Amino acid sequence: MEARVSVNSDQSAEPPERISDAEHAVMEALWSRSPLTAAQVCAKVCEPRGWTLATVKTLLSRLVAKQAVTTEPDGKRFLYSPSIARDAYVGTESRRLVDRLFGGRAAPLFAHLAEADALTENDIAEIEALLKELKS
């Protein structure tokens, strides 16, 4: 199966509930390739995080309850797929961040990143190119 970032077009535009950092790790595994079994998700995320298969199953259950993941029976196991496109999720979370921390304005976010020396020369060049494209 090939990796994909956006999945089916019938996906929700935004998650009904916030996705925790742990749940996000599971979503990243599913966004990179799906459908996956719980064991396949665990193979991608368990070792670096010190998780067990039981942890992954709990996180998958939470994501199903939040309608961020769908399940499909496959014999005695289930196949899991994201029901939220990654780009839609990133857009929603980006907007929430800007709204919560910067009063809905992106300029203070970039100013903060610049002041914290968090932007590389390449980052600045990419931002400048994007701004130039948006002005056109």
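## Arg-18 and its salt bridge

Arg-18 counts as partly exposed, at 43% relative accessibility. The structure described here is a predicted model. In it, Arg-18 forms a salt bridge with Glu-93, and the closest N and O atoms of the pair are 2.9 Å apart. Because Glu-93 belongs to helix α4 (residues 86-102) while Arg-18 sits in the segment before α1 (21-32), the pair ties together parts that are 75 residues apart in sequence. Glu-93 itself is buried, since its relative accessible area is 15% and the limit for a buried residue is under 20%.

## Further salt bridges in helix α4

The count of salt bridges comes to six. Glu-93 also takes part in a salt bridge with Arg-96, with an N to O distance of 2.7 Å. These two residues both lie in helix α4, three residues apart, which is about one turn of the helix. With a relative accessibility of 23%, Arg-96 counts as partly exposed.

Another of the salt bridges joins the side chains of Asp-99 and Arg-95, at 3.2 Å from N to O. Asp-99 and Arg-95 are four residues apart in helix α4, so about one helical turn separates them. Both ends of this pair are partly exposed: Asp-99 has 40% relative accessibility, and Arg-95 has 42%. Elsewhere, salt bridges that share partners join Arg-18, Glu-93 and Arg-96 into one network.

## Overall architecture

The protein chain contains six helices and two strands. Read from the N terminus, its elements follow the order α-α-α-β-β-α-α-α. The chain has 136 residues, of which 29% count as buried. It exposes about 8,900 Å², and carbon and sulfur atoms supply 52% of that area.

Among contacts that join residues at least 6 apart in sequence, 58% are between residues at least 24 apart.

In soluble globular proteins, nonpolar side chains tend to be buried together. The largest nonpolar core of this model has 21 residues, and Leu-30 and Val-41 are those with the most contacts inside it. Helices α1, α2 (38-49) and α3 (53-65) each supply at least two residues of this core.

Which residues does Leu-30 touch, not counting residues up to four places away in sequence? The contacts of Leu-30 are with Leu-36, Val-41, Leu-60, Val-69, Tyr-80 and Pro-82.

## The disulfide of helix α2

The structure holds one disulfide. Cys-42 and Cys-46 form this link, with an S to S distance of 2.1 Å. Both cysteines lie in helix α2, and because they are four residues apart there, about one helical turn separates them. Is the disulfide of Cys-42 and Cys-46 left-handed or right-handed? The torsion about its S-S bond is about -120°, so the disulfide is left-handed. Cys-42 is buried, and Cys-46 is buried as well.

## Backbone features in the loops

Most residues other than glycine have a negative phi, and most peptide bonds are trans. Several positions in this model depart from that pattern. The peptide bond between Ser-34 and Pro-35 is cis, with omega of about 5°. Pro-35 is located in the loop between α1 and α2.

Gln-67 is not a glycine, yet its phi is positive, at about 65°. The loop between α3 and β1 (69-74) holds Gln-67, and this residue is exposed, with a relative accessible area of 54%. Asp-117, likewise not a glycine, has a positive phi of about 55°. Asp-117 occurs in the loop between α5 (107-115) and α6 and counts as exposed, with 69% relative accessibility.

Leu-130, Leu-131 and Leu-134 make a nonpolar surface patch of about 300 Å². Of these, Leu-130 lies in helix α6 (residues 121-135). With a relative accessibility of 46%, Leu-130 counts as partly exposed, because the exposed class requires a value over 50%.

Definitions and conventions: Residues are numbered from 1 along each chain as its sequence is written. This is a predicted model: local features need pLDDT of at least 70, side-chain atom pairs count only at pLDDT 80 or more; totals for chains, interfaces and linings use all residues. Side-chain values use heavy atoms; hydrogens and water are left out. Patches are made of residues with over 30% relative accessible area and no salt bridge: like charges are joined within 9 Å, nonpolar side chains (Val, Leu, Ile, Met, Phe, Trp, Tyr) within 5 Å. Accessible areas come from the Shrake-Rupley method with a 1.4 Å probe; for residues, only the protein chains shown count as cover. A salt bridge is a side-chain nitrogen of Lys or Arg within 4 Å of a carboxyl oxygen of Asp or Glu. Buried means under 20% relative accessible area, exposed over 50%, partly exposed in between (1.4 Å probe, protein chains only). A nonpolar core is a set of buried Ala, Val, Leu, Ile, Met, Phe, Trp, Tyr and Cys residues joined through side-chain atoms within 4.5 Å. Contact means heavy atoms within 4.5 Å. A disulfide is a pair of cysteine sulfur atoms within 2.5 Å.
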